[in-house]
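Student: I would like to learn how to read the features of a model like this one. Please take me through them step by step.

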Amino acid sequence: MLLVLWPAWAQQTTLTVLTHDSWSLDKNLVARFEQENGIRVRFLKGGDAGEMLNKAILSKGAPIADVIYGFDNTLLSRALQADILQPYRSPELPNLRPELIIDQTFRATPVDFGYVALNYDRDFFKDKPLPQRFADLTQPEFAGLLVVQNPATSSPGLAFLLATVAAFGEDGYLDFWENLRKNGVRVVSGWSEAYYTHFTRAGGDRPLVVSYSTSPAAELYYSEAKPKPTEPPTANLFLPRSSFFQVEYVGILKGTRNLRAAQRFVDWLVSKPAQENIPTQMWVYPARRDARLPEVFRFAQVPPEPARLTPQQIANNRERWIREWTQVVVQGQTAQAVKARR
């Protein structure tokens with residue numbers, strides 16, 4: 001009989017990890033981490049990334065979790081400004097892609113990255129033209145075909161809004177959104193609703209959806225069609241500057257009573273076994289440089305011309321951009337009137 005002696009600090013420890021709803025890792029992998037460290041991990045799903053971060057900020061001082069995973073570079077400055085995270089410099093940092101380590105205070109450790117991108121239903125567009133330019137989405141032939149997420153509640157929705165700012169500039173992005181509104185764009189609260197309710201692949205009526213550049217690979221991976229198709233039923237629509245580079249982070253919440261367990265979890269999440277499990281679980285690229293990608297990721301394309309904004313640009317303007325977007329798209333105000341009030 002093998003007797004396992006856990007470190008005293010790890011005995012009877014329950015670690016609560018606040019995540020977005022898309023969190024997924026192999027249960028056996030999680031169980032192995034628990035067994036090896038004497039830690040029971042409880043995952044608390046908090047909605048989309050924006051909603052999840054709101055919950056963490058509102059519970060500041062009496063945190064509802066020990067660790068938070070899934071806030072991204074569109075929300076990073078908000079998390080740092082709210083002062084809900086405590087520094088931790090993981091020994092695994094040298095193994096991560098240096099371009100992903102944006103926070104030099106080490107309160108946010110990069111876990112994965114990807115690209116928010118437009119996806120389309122290939123069957124729907126088999127005999128129909130696709131948009132060729134970003135602005136084409138506002139044309140009559142594409143009326144009522146697009147579903148997007150609300151940037152106030154959804155991280156991909158916010159990433160797509162930021163892509164429009166990068167593509168059309170301060171003077172043009174609201175005009176684009178006003179024209180999208182007039183062209184029948186549908187706005188929903190989060191990614192799951194957009195993709196699994198309104199996208200035509202799920203039985204909805206929208207063949208264009210804001211999703212991820214890895215979504216076609218996921219469609220093929222999970223396909224139950226017989227025989228197994230050789231190509232995904234969806235594809236990326238890489239209109240110039242319509243995709244947005246996104247990095248997801250993990251951080252330790254201030255006030256945790258399980259600091260050492262939280263540090264062990266962060267180290268494990270960026271370890272090679274966990275990183276190599278991430279691609280086919282959450283359909284993003286691992287932050288670790290030496291993590292191998294699965295074969296199906298040949299369908300997880302990288303956009304040739306993604307949009308990017310600096311963390312400082314996002315921090316300085318994010319709330320105003322969301323507010324202006326809400327006034328134009330949700331409240332129906334004109335872009336001209338909103339810009340006149342700046």
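**Reading the domain interface**

Tutor: Start with the interface. Domain 1 and domain 2 bury about 1,800 Å² between them, and 61% of that area is on carbon and sulfur atoms. Buried area is the accessible area (1.4 Å probe) that two parts lose on being put together, summed over both. The model is predicted: local features need pLDDT of at least 70, side-chain atom pairs count only at pLDDT 80 or more, and totals for chains, interfaces and linings use all residues. Residues are numbered from 1 along each chain as its sequence is written, and side-chain values use heavy atoms, with hydrogens and water left out.

Student: Which three residues supply more of the area that domain 1 buries against domain 2 than any other three?

Tutor: Thr-74, Trp-283 and Phe-299, with 38% of that area.

Student: Where are the two domains in the chain?

Tutor: Domain bounds come from an automatic or database domain assignment. Domain 1 covers 13-113 + 247-299, and domain 2 covers 115-244 + 303-340. Their C-alpha centres lie 26 Å apart. Domain 1 gives 20 residues to the contact and domain 2 gives 27; contact means heavy atoms within 4.5 Å.

Student: How is an aromatic pair described?

Tutor: By the distance of the ring centres and the angle of the planes. Rings of Phe, Tyr and Trp (its six-membered ring) pair if their centres lie within 6.5 Å; planes under 30 degrees apart count as stacked, over 60 as edge-to-face and the rest as tilted. The whole structure has 29 aromatic pairs. In one of them, Phe-71 and Tyr-249 have ring centres 6.0 Å apart and planes at 25°, so the pair is stacked.

Student: What about the backbone?

Tutor: Most residues other than glycine have a negative phi, and most peptide bonds are trans. Phe-106 has a positive phi, near 60°. The peptide bond from Lys-226 to Pro-227 is cis, with omega near -5°.
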